[in-house]
Amino acid sequence: MKILVTGATGYIGGRLVPRLLKQGHAVRCLARRPEALSGRPWPGAEIVAGDALDPSTLAAALAGVDVAYYLIHSMTAGEEGFEDRDRKAARHFADAARAAGVKRIIYLGGLGVQGEALSPHLKSRQEVGEILRSSGVPVTEFRAAIIVGSGSLSFEMIRALAERLPVMIGPQWVMSRCQPIAIRDVLAYLTAAAGEPRAAGRVFEIGGADVLTYRDMMLGYAKVRGLKRRLLPVPVLTPRVSSYWVDLVTPIPAALARPLIEGLKNDVVCGSREALETFDIRPIGYEEAVRLALERIEEGEVETIWSGSQSSLEAVPAPPPLHPTLPHLEMREGMILERRETEVEARPEAVFRVFSGIGGERGWFYMDWVWRLRGFLDRLVGGIGMRRGRRNPDTLRAGDALDFWRVEAVRENRLLRLRAEMKVPGRAWLQFEVVPESGSEASVLSQTAYFEPKGLAGLLYWVVLYPFHRPIFSGLIREIKRRSEEASS
């Protein structure tokens with residue numbers, strides 16, 4: 001089939017496209033900024049420019065399309081009034097789909113019982129489905145509650161709260177019931193719907209194998225991670241105050257957290273078994289979904305994340321400056337990333353030789369005595385310290401020990417990733433990557449420190465040591481640059 005996927009830069013759309021391609025469909029992706037999809041490994045996918053808020057751009061995108069996936073949601077802009085934007089975009093798309101002769105629209109909305117006092121977010125999600133149906137094009141609508149997957153907005157909020165707070169505050173909404181569903185099962189439903197004629201013109205409520213309270217979900221996450229957590233109930237905590245608290249202790253900004261939290265007052269449980277009866281899909285339980293999400297993060301196989309979504313009104317972020325002493329800090333999938341970049345007047349292979357020769361007898365190039373002090377302190381608490389050195393002074397291979405690191409990945413003349421094996425309250429990596437600069441003999445060197453804190457102790461560890469890490473890592477990338485340029489002169 002010829003399939004159009006809207007929202008291809010988003011969390012769901014970015015995972016759906018490769019699965020549709022694997023099934024042999026001809027896939028076209030609609031993006032407001034096509035360049036945002038230029039790095040995706042989607043051979044055969046057609047990328048077209050368009051915006052659901054601009055109806056003049058939709059006719060060409062929908063021409064010849066059999067099935068269109070509608071995965072647009074303006075809430076990712078983090079601004080007030082997303083409901084109006086969603087209504088407008090849905091009307092434009094519905095009209096254009098009808099005019100183009102589209103045979104089916106597949107839409108992912110929100111679970112919630114109609115007639116109840118739904119939150120503005122859940123009400124808007126269901127209203128979009130009604131607008132799409134008003135076009136006369138058969139619509140398959142899936143309604144889901146929390147989606148459990150590496151990088152999903154709701155999962156990352158639960159994950160951050162459970163990781164960072166030994167004692168969590170529990171407003172009344174933590175006792176609301178929810179039927180979370182794994183991202184793998186959501187994608188299974190979405191991909192199966194395109195080829196299932198019985199799904200046309202129907203609404204399906206989809207959920208996982210477990211019905212839980214939000215309290216159960218947070219404590220269930222802690223159980224999977226081996227964390228001891230308590231949740232203290234409080235009688236009153238408004239959604240606005242809750243959103244500020246979430247903003248403070250998680251990567252989720254208050255503007256996105258508030259509409260989500262307002263929806264937590266509603267029970268979101270499947271009231272129908274039609275999805276199970278129509279599709280040969282048996283969703284997994286919550287704890288298994290959490291384990292799978294954590295495995296993807298640990299293996300570095302996170303396909304998309306909530307913060308990668310680009311709403312139609314989102315401003316294009318300016319890239320961080322190339323400056324070795326000004327780190328770009330970012331929170332992603334529960335990890336803290338501290339990245340530095342610098343231009344080096346040397347070819348990539350020369351830069352690679354320098355940073356792949358670090359450690360062992362050569363030392364750590366900048367403030368080596370501090371690295372050795374860290375190794376000594378590690379040995380005092382029963383760690384391995386710096387005593388292992390390195391197997392070969394000039395070459396590294398995956399699995400090699402390197403002082404208190406382990407080589408996790410090596411790509412010749414491109415990348416070196418080290419995993420920390422010293423004692424830390426969490427997990428840490430240090431990665432060096434070099435790429436050629438277009439049109440010159442120079443290169444761009446990136447140095448990224450990753451830290452995944454475990455619990456509050458891990459977060460405090462990072463906060464306390466960051467003032468020391470910052471000058472050390474800034475000096476390290478400067479020294480790699482200097483040595484690379486000297487070796488190439």
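Visitor: Which residues in helix 7 do F155, I158, R159, L161, A162 and E163 in helix 5 meet?

Guide: Happy to start there, with a reminder that this is a predicted model. The contact of helix 5 with helix 7 holds 7 nonpolar and 3 charged residues, with no polar ones. On the helix 7 side, the partners are M217, M218, Y221 and R225.

Visitor: Is helix 5 roughly parallel or roughly perpendicular to helix 7?

Guide: Look at residues 153-164 for helix 5 and residues 214-225 for helix 7; their axes lie 9 Å apart and the packing angle is about 65°. Angles of 65 to 115 degrees count as roughly perpendicular. Helix 5 is therefore, relative to helix 7, roughly perpendicular.

Visitor: Which hand does the crossing of helix 3 and helix 4 have?

Guide: Helix 3 covers residues 82-100 and helix 4 covers residues 120-133, and they pack at about 15° with axes 9 Å apart. That angle makes the two helices roughly parallel. Their crossing is right-handed.

Visitor: How many charged residues does the contact of helix 3 with helix 4 have?

Guide: Helix 3 brings residues including E83, D86, R87 and R91, while helix 4 brings R125 and E127 among others. The contact also has 8 nonpolar and 2 polar residues. The charged count is 6.

Visitor: Are helix 12 and helix 14 parallel or oblique to each other?

Guide: The axis of helix 12, residues 348-355, comes within 9 Å of the axis of helix 14, and the two cross at roughly 125°. Angles over 145 degrees would count as roughly antiparallel, and 65 to 115 as roughly perpendicular. The relation between helix 12 and helix 14 is therefore oblique.

Visitor: Which residues of helix 14 make the contact with helix 12?

Guide: Helix 12 passes helix 14 in a right-handed crossing. From helix 12, the contact uses A350, V351, V354 and F355. Across both helices, the contact divides into 5 nonpolar, 2 polar and 1 charged.

Visitor: Which residues that line the second largest pocket are the closest to its centre?

Guide: This pocket has a volume of about 600 Å³. Its lining has 28 residues, and strand 15, helix 13, strand 19, strand 20 and helix 14 each give two or more of them. Closest to the centre are R374, M422, Y461, L465 and H469.

Visitor: How many residues of the lining of the second largest pocket are nonpolar?

Guide: Start with the other classes in this lining: 1 residue is polar and 4 are charged. The nonpolar residues number 23.

Terms used: Residues numbered from 1 in each chain as written. Predicted model: local features only at pLDDT ≥ 70, side-chain atom pairs only at ≥ 80, totals over all residues. Heavy atoms only, no water. Axes fitted to C-alpha atoms, helices over the stretch in contact; angles between N-to-C directions. Helix = DSSP H or I, 4+ residues; strand = E, 2+ residues; numbered from the N terminus. Parallel < 35°, antiparallel > 145°, perpendicular 65-115°, else oblique. Contact = heavy atoms within 4.5 Å. Nonpolar A, V, L, I, M, F, W, Y, C, P; charged D, E, K, R; others polar. 1 Å grid on protein atoms, 1.4 Å probe; cavity = no way out; pocket = protein on both sides within 12 Å on 5 of 7 lines; lining within 4 Å. Points joined across faces, edges and corners; volume = space filled by probe spheres on them. Left-handed = near helix turned anticlockwise from the far one by under 90°.
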